[in-house]
Each structure stands twice: as C-alpha cells, then as structure tokens.
Amino acid sequence: MSQSRCMGKVYKDYENAIKYYSEALELNSSNAIYYSNRSLAYLRTECYGYALADATKALEIDKNYIKGYYRRATSNMALGKFKAALKDYETVVRVRPNDKDARMKYQECNKIVKQKAFERAIASDEIKKSVVDSLDIENMTIEDDYDGPKLEDGKVTLTFMKEMMDWFKDQKKLHRKCAYQILVQVKDVLSKLPSLVEITLKEAEKITICGDTHGQYYDLLNIFKLNGLPSETNPYLFNGDFVDRGSFSLEVILTLFGFKLLYPDNFHLLRGNHETDNMNQMYGFEGEVKAKYTAQMFQLFSEVFQWLPLAQCINSKVLVMHGGLFSEDGVTLEDLRKIERNRQPPDSGPMCDLLWSDPQPQNGRSVSKRGVSCQFGPDVTERFLDQNKLDYIVRSHEVKAEGYEVTHSGKCITVFSAPNYCDQMGNKGAYIHLRGSDLKPEFHQFTAVVSILYSKSLYLLGLSSCVVSPIWLW
Ligand SMILES: [Mn+2]
C-alpha cells in the first residue's frame, strides 16, 4: 500500500513538474533550463512532440546549452527521427568526451542509422516473401528434454492454454515449434477479418474491453483471475499495445494469440501503435523476441501484426479503436472498412489516426503532444458520432491514474489495463463491461500485482525490454 502510494507520487510529480515549469515560463519565457526541464517531464509522460518543441526552444534561447541537445536528441529518438538525433548526440559527445552515458547513446543511435541505411540498400522492389514460406514447421523437432506444453494434434485447446499460462508464470520458454504454430495459424485467422470488425451482442450477452497491456503478463493473468478466463460466454476485446515496455511481451502476445485461435468469434484483438516495426525496435519487443527466440520469428510477428484489425463496432453503436478519431471531418465507417491495413501505418490519414490520436478537452483539433497524428476535441467527437449514428467511442493509448477516463460528455472513454505502468507510474488498471441490453459502460478497476521483482531479475540477466526505455528516456 505504502509502496503504491509512493509510486503514485512519481506519476503526479511529472504532471506537477509540467504545471510548475509552465507557470515559471509564463513569468520568464527566456529561461532555457525551464524549457529543458519541462522537456524531460514531457519525455517521461510520452509527449514526445511537446518534448521536442521544448528542447528546440531551449536551444533557440541558448545554443550552447548542452542539455538542450541531449533532450532534443532523446525526443527525436523517441519519434524515430534517428538522423536528427544522431546530429545532436554528436554535439554532446564532442563537448563532453568523458560522458559515458552520452557516448553509449551516440553509439546506439549510430548503429540504428547505419542499419536503416543498410536495410534501404538491400530492399528490392520484389514483393516481400512471407517468413511462413521458408518455415518447415512439420519437421521441427521437439527435443526429448522439453516437458512444456504442446499443441494437441497441431491445435490450441483449453488444456494447452492453461498449461501454457502456468508455464509462462514460471518464466519458462514455450518451444519454438509451438510458438511458430500459433503464429502461422493466427496470421491465417486475422488475415480473413475485415479492417473494421462488426459484432452484435444479444440482450443477455456481455463483453469485456481491456486497454493497453504492454507486456505486463502477471497483470494480464490477474485480469483473467478477476474477470474469468476467456470463453465463448465470456468474450473479450483487447484494444492494442500488447507488447513493448513490459518485460513479458512474448508471454502476453502468445497468450492472447492462443485465445484468438481457441475462440475466434468471441475473443477480439485490435492493433495498437506498438504493433509496428518502429515501435518494436525502440521499445523492446524486437529485442525480446531476438533474445528469447530469433530475428526470423520477429519477422513473422511483424507480418501477423499487420493483419490485426484497426477498429471494432459493437451493435452499430459503440466504436472501439486504440488511438482515436481523425485529422479531418467526414470519415465514415465505410471508409474504415476499406482501409488496406496489411502494412506499417503511414504518417498521416485514417489508419495513422486510429492508432495514434488522442482526445483533448477544448473544441477543435490541435497538434499532437506525441508528434504523430492529432488531438481532437469534443465537437469533433460529436460530429463523427452524429454522422455515423454512433453513441460513443472507447479508446486506450494513454495511461490514466484511475485506469479509465470519461471525457467529451461521456462520448469518449479511455481504458488502460497496464497498472503501475513501466513499474513506476502508480496508476490503476481498468476494464469495461458492455452488455447487449443497454450498452452502458461499467468500469472495473484493479491494482498491479508485484512485477518489479520479476522485471529486476530479468534486467540482471540482460533480457528485460525495460533495459531499453531508460536509455531513450533519460
Ligand atoms: Mn498506444
């Protein structure tokens, strides 16, 4: 209890820091340090667009302010603008040749820039072959000393799922053959779904909507403990961002994919902005798959992620998506059905907005605090709902102290299911029950199970994806 209160303070501290630096800047707008410090608070709360703007401002005021270069590099790194980041890291390293941390980041960034250049050089115009075609799963052998779960006659069963969840709980690795079987099968299932999935709940039926889970496997198990295992009569919708950040992204995603195979019509998954190559490279999932399996398996994950649907409509009244609404008015459900989603999301347009946008309290639209897509106001939500004859939207994508938040006069709901996000935010998690009878959202909150010990033990083994975040964020 005292621990969680203390961590709650950390979350509040960033928000307060932003508030107080903003007040200080109103009194003195020529102080580079204020901008630089607020930039750090924005980085910690994932507002990379604002963080970049503040770091840039700090450097406009004082071009010799080294920390400003550091902050700007970190912001650009988080936004995937590696070349711009490299230039600033160069400056830092030149001025402070003995700063080990700066040198490490410079080298890391340099590596990525070179790797990207290499990838561009070898990319050909040919249609990229699927990893599936180069796999011979049938002939992969399971060694005699493996005593973990196996699919039954190549099929995921409830027994298999229970065994796999226990196996993961003990931090054991699923045999690669089984992982490949799940991936190949789930790719097939997902690729047959439309970009906008439409379902109907009967009067007596209920669905549970969960937000971001971000590799927090023990918290996912806790959701199932509190709310029951998925089944044909206990349907779930997981609203994206299953991987990155947490140390157990593989365990989370294989569990979710397993349930998708077991209950394809009653277990739903939508794509988040973290089910993408750029995010996975920066926030841990690619590294985790390479550490626990192989680069080839990550390639297959990437292919599968591209087939995750982008939005789901319940009883023609409630629309669910990971990020939010659009940079322009007039987008219809028909437009969403027509999105060709089998790709990495573009920098703009409806597919990008669905994965990236955030609501804002004031009317209209504004520049995104994240530096991608936009922020949309209550009037935007109102017009969209009116035009598409919907009641409200449910989205995720932002950590909330209470695990959920109701905004835009009840027409825009945020749900987030990764409690004590990144082992430090002190937030609650939540999920929503929706019943066919009235479609009213019913909120359920929960707190984090102990994950710090698990993450730390992995951190020491050098396996944790959390290793990545502090590098970019500090
Ligand atoms: Mn997100």
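When I speak of two residues in contact, I mean that their C-beta atoms, placed from the backbone, lie within 7 Å. Please bear in mind that this is a predicted model.

Beyond its neighbours within four places in sequence, Ile 209 is in contact with Leu 237, Asn 239, Val 320, Val 394, Val 415, Tyr 431, Ile 432 and Leu 434. Ile 209 is also among the residues with the most contacts inside the largest nonpolar core, together with Ile 182, Ala 311, Val 320 and Val 415. That core has 86 residues, and its largest share, 8 residues, is supplied by helix H10, residues 249-262.

I turn now to helix packing. The axes of H10 and helix H8, residues 176-191, come within 9 Å and cross at roughly 55°; the two helices are therefore oblique to each other. The crossing of H8 past H10 is left-handed. On the H8 side, Ala 179, Ile 182, Gln 185, Val 186 and Val 189 take part, meeting Leu 254, Phe 257, Gly 258, Lys 260 and Leu 261 of H10. By class, this contact comprises 7 nonpolar, 2 polar and 1 charged residues.

Finally, the loops. Most residues other than glycine have a negative phi. Asp 153, however, has a positive phi of about 50°; it sits in the loop between helices H6 and H7. Ser 409, between strands S11 and S12, likewise has a positive phi, near 55°. Are these two residues buried or exposed? Asp 153 is exposed, with 6 other C-beta atoms within 10 Å, and Ser 409 counts as exposed with 10.

Conventions. Residues are numbered from 1 along each chain as its sequence is written. This is a predicted model: local features need pLDDT of at least 70, side-chain atom pairs count only at pLDDT 80 or more; totals for chains, interfaces and linings use all residues. A nonpolar core is a set of buried Ala, Val, Leu, Ile, Met, Phe, Trp, Tyr and Cys residues joined through C-beta atoms within 7 Å. A residue is buried if 20 or more other C-beta atoms lie within 10 Å of its own, exposed if 12 or fewer, and partly exposed in between; C-beta atoms are placed from the backbone. Helices (H or I, at least four residues) and strands (E, at least two) are DSSP runs, numbered from the N terminus. Axes are lines fitted to C-alpha atoms, for helices over the stretch in contact, and angles run from 0 to 180 degrees between N-to-C directions. Angles under 35 degrees count as roughly parallel, over 145 as roughly antiparallel, 65 to 115 as roughly perpendicular and the rest as oblique. A crossing is left-handed if the near helix is turned anticlockwise from the far one by less than a right angle, and right-handed if clockwise. Ala, Val, Leu, Ile, Met, Phe, Trp, Tyr, Cys and Pro count as nonpolar, Asp, Glu, Lys and Arg as charged, and the others, Gly among them, as polar.
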